[in-house]
Amino acid sequence: PWSIRHSLPIEDNEHGHLVVSRVLGSDPMLCKEIVFSVDATRRQDFYVAMVCRSNDTWKWASAEPAVPRWGSLQ
């Protein structure tokens, strides 16, 4: 499970589930493909993204997953 609670009410608080679907590479270039859900009141949306380790921190390797303004470019 994952969740985020924003300290400023700029965006909605969200929650869902996350699964690592595969691991790519090895140290020092280790990446993981993840599948995660965003659970809303009456629906559940799923997204796929890539995260890679930079030093001791995991960072998005794909820019802004699920940005509606991208339309068919996703």
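Student: Which residues make the nonpolar surface patch?
Tutor: Bearing in mind that this is a predicted model, the nonpolar patch is made by L18, V20 and V23, and its area is about 240 Å².

Student: Where does V20 sit, then?
Tutor: V20 belongs to strand 3, which covers residues 18–26.

Student: And is V20 buried, exposed or partly exposed?
Tutor: V20 counts as partly exposed, because its relative accessibility is 39%, and a residue would have to be over 50% to be called exposed.

Student: OK, switching to rings: how many aromatic pairs are there?
Tutor: The count comes to three aromatic pairs. One of them joins F36 and Y47, whose rings are 5.5 Å apart from centre to centre, with 35 degrees between the planes, so the pair is classed as tilted rather than stacked, a label kept for planes under 30 degrees apart.

Student: Which strands do F36 and Y47 come from?
Tutor: F36 is in strand 4 (residues 29–39) and Y47 is in strand 5 (residues 44–54), and the pair links distant parts of the chain, with the two residues 11 apart.

Student: How covered are they, buried or exposed or something in between?
Tutor: F36 is buried, because its relative accessible area is 10%, whereas Y47, with a relative accessible area of 23%, is partly exposed.

Student: What does F36 do with W60?
Tutor: F36 and W60 form another tilted aromatic pair, with 6.1 Å from centre to centre and 50 degrees between the planes. Because F36 lies in strand 4 and W60 in strand 6 (residues 57–60), this pair ties together parts that are 24 residues apart in sequence.

Student: Is W60 buried or exposed?
Tutor: W60 is exposed, because its relative accessible area is 51%, and the cut-off for that label is over 50%.

Student: Which residues form the aromatic cluster?
Tutor: The cluster is formed by W2, F36, Y47 and W60.

Student: Now S37: which strand is it in, and is it buried or exposed?
Tutor: S37 is found in strand 4, and it counts as buried because its relative accessible area is 1%.

Student: What does the side chain of S37 join up with?
Tutor: The side chain of S37 makes a polar contact of 3.0 Å with the side chain of D39.

Student: And which residues is S37 in contact with, leaving aside neighbours within four places in sequence?
Tutor: With those neighbours left aside, S37 is in contact with W2, H15, G16, H17, Q44, D45 and F46. W2 is also a member of the aromatic cluster we talked about.

Terms used
Residues numbered from 1 in each chain as written. Predicted model: local features only at pLDDT ≥ 70, side-chain atom pairs only at ≥ 80, totals over all residues. Heavy atoms only, no water. Patch = residues over 30% accessible without salt bridge, like charges linked within 9 Å, V, L, I, M, F, W, Y side chains within 5 Å. Areas by Shrake-Rupley, 256 points an atom, 1.4 Å probe, with all protein chains shown as cover. Salt bridge = Lys/Arg side-chain N within 4 Å of Asp/Glu carboxyl O. Helix = DSSP H or I, 4+ residues; strand = E, 2+ residues; numbered from the N terminus. Buried < 20%, exposed > 50% of the residue type's maximum accessible area, 1.4 Å probe, protein only. Phe/Tyr/Trp six-rings, centres within 6.5 Å; stacked < 30°, edge-to-face > 60°. Polar contact = N/O pair within 3.5 Å; in protein donor to acceptor, adjacent residues only side chain to side chain. Contact = heavy atoms within 4.5 Å.
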